[in-house]
Amino acid sequence: MVRLYDKGVWLLNGSEIVERAEEVTAKTGQSVSQEEAAKHTMAYEILDAHNTSGNMDRLQIKFDKLTSHDITFVGIIQTARASGLERFPIPYVLTNCHNSLCAVGGTINEDDHMFGLSCAKKYGGVYVPPHQAVIHQYAREMLTGGGKMILGSDSHTRYGALGTMAMGEGGPELVKQLLNKTYDIKMPQVVAIYLDGEPMKGVGPQDVALAIIGATFKNGYVNNKVMEFVGPGVAKLSADFRIGIDVMTTETTCLSSIWKTDEKIKEFYEIHGRVEDYKELNPGAVTYYDGMVYVNLSEIKPMIAMPFHPSNVYTIEEVNANLQDILNDVEKKALVSLDGAVEYSLQDKVVNGKLYVEQGIIAGCAGGGFENICAAADIIRGRYIGSDAFTFSVYPASTPIYMELMKNGVAADLMQAGTILKTAFCGPCFGAGDTPANNTFSIRHSTRNFPNREGSKLQNGQIASVALMDARSIAATAANKGFLTPATAVDVEYTGQKYYFDEKIYTNRVFDSKGEADSSVEIKFGPNIKDWPSMPVLAENLLLKVVSEIHDPVTTTDELIPSGETSSYRSNPLGLAEFALSRKDPAYVGRAKEVQKAQKAIEAGKCPLEVLGELKSVMAKVKEIYPEVGEGNLGVGSTIFAVKPGDGSAREQAASCQKVLGGWANIANEYATKRYRSNLINWGMLPFITEEDHEKLSFKNGDYIFVPDVRKAVEERVSEVKAYVVGAALKEITLKLGDMTEAEREIILKGCLINYYRG
């Protein structure tokens, strides 16, 4: 079904896989080096066209367009304003698809929207009102273009199927683009995703995506690399099908994606009135890839990602055949994910030997596409979801899609079956919509199923389970009144409705400045919109207290700063920080604040030992070896340890909340994604790496770590630093900084990105 090559491969004429260079020479009659052939990838061509450094090993990228939604754009614009923003230099689209319900927090969510509209007018941007479209669907319909690059402040910024290389990053990376700076990275490796065969009837894009995620996530095969989709199987997939696979590639932890394009993608652009934005993309005649994932589409069956990660994949057939064993396995994995915070069992979901689920949802950037919803309607047409606990909700990804579903009768078919049809909204993907009841099981064609992401709160004893599935199998399960059913088990003829895009709703409702800024416009600030607090520069020496220690194999950004109800505070740095690690380590905020008192005392010219008494013995021990450390050359703050933090969302607040609470560093065995590490750096936090076994660390929660001459180490581009765990004696340890650009080092020295741009 899915095979990973253990080394780089050659691709001839976009179709023939060759594993050895000498075979390439024999078949082509020419000798081409790996280095030269690697330049023939589609990814290399696009990156080269957008690189401003003149050095393809060290890229400095300028993007064509930017996108954000209402959980991120306030903080981004506030940061840019504090750094000298005068106008948006490139098209910047502000969508409102996360806090669009405005259901909690008083006026503050709609206040954010009005802030966004006024900023679009003042700085020359585009404002998409609530309920019109989820961020990624609007980008597909209105922003993409062959060979272009888009940067978005949402991790699922993936438009490769349409020929656009897109990347999801934390807000500070968008700030850099708004200030005419660049996105600086090493040239990423490029891995071919070779699609062969053709999906069987009933298999959808989520099934293919889950199969790829299951094969690549845990081994990091495509981590921070570009996935390049090639092979004869691509032509067998519709544009919507490709888009559905593409958006889920985020869950592999890849950096970006790009696909070969053809007449079906050209037709997509024609339908949307933008045929001039189409560009045919293909790899070169002789192309070298750093790896290859071979996918036989014909062998993929309906899949399910069981709680609590998209990589926890099985075939639905396998789950139904080995139900008890698989449920037991999920429960064992939950012991790690949930830290034993709640009683967790799925045994009550087995009814007469079948798995019963209480909720089905098709939503967002992954599930809410036209073809997914039409296929679901074909399956459930003439059937009923029943009157028991099972509920079924469908969220079209944009109003134009919704309008067409109304016109072609699909909406009526769904609603007659008992489906609730809702507006474009990302809530089910992050815990702010269709939150299930305690101990219930939800199946969703959405992007993530991390613990807590559906809205449950472990600290309150609340837990629900989410499994990811394709819209087709969700509809089959709905037609079976909640009993898990693969779409391949349903006898149905898919009608294959044609899509007609009507742009009028956007023309009449979306504010588009056409790039014209109006400096006379006053920005509308609601009472919850707060400026970033001042942040100190990096001191010569650091004293760090470990205030949280997380030994899970992977820590998601949802666990670092919860989604859901906290989204109302995303425009209030201090208010949001109160929720940091609240679902993983509820004592974290109090511990961090206690340590922060010392740093605030230093900044006020007072003695930190007077406000944090435990420092007296710690500093006494430090001064035995470093007597000169103290007043004027010491910073005091907190740090956390996590084995592999940062999987999931691009949200910068996973890092900025720690900084606001006095965090100076993270310590990890590795970072799950580039974007989380970048977020740490952009907020002036040191991204330390320790190679110690996480179960045998030299330090533990509550310990102090002294890092001498840390500022000098950053200035002198040192890759690792000497540090000491302060106990009865100073125990030396090594912390690695890893590779950083000159700009990243300067950002850390100045304390954060805002300070860096202020000069």
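This is a predicted model: local features need pLDDT of at least 70, side-chain atom pairs count only at pLDDT 80 or more; totals for chains, interfaces and linings use all residues.
Ala, Val, Leu, Ile, Met, Phe, Trp, Tyr, Cys and Pro count here as nonpolar, Asp, Glu, Lys and Arg as charged, and the others, Gly among them, as polar. Residues are numbered from 1 along each chain as its sequence is written, and side-chain values use heavy atoms, with hydrogens and water left out.

A pocket is an open set of points on a 1 Å grid over the protein atoms alone, where a 1.4 Å probe fits, with protein on both sides within 12 Å along at least five of seven lines; lining residues have an atom within 4 Å of a point.

**Largest pocket**
- Of its 31 lining residues, Ser-238, Asp-240, Phe-241, Glu-371 and Gly-496 sit nearest the centre.
- Two or more lining residues each come from helices H6 (135-142), H9 (239-247), H10 (263-271) and H14 (370-380); helices are DSSP runs of H or I, at least four residues, numbered from the N terminus.
- The lining splits into 14 nonpolar, 6 polar and 11 charged residues.

**Second largest pocket**
- This one has a volume of about 590 Å³.
- Lys-186, Asn-224, Lys-674, Arg-677 and Asp-739 lie nearest its centre, out of 26 lining residues.
- Strand S10 (183-186), helix H26 (674-682) and strand S31 (686-689) each give two or more residues, strands being DSSP runs of E, at least two residues.
- H26 supplies the largest share, 4 residues.
- By class, the lining has 10 nonpolar, 7 polar and 9 charged residues.

Technical notes:
Grid points are joined across faces, edges and corners, and a volume is the space filled by probe spheres set on the points.
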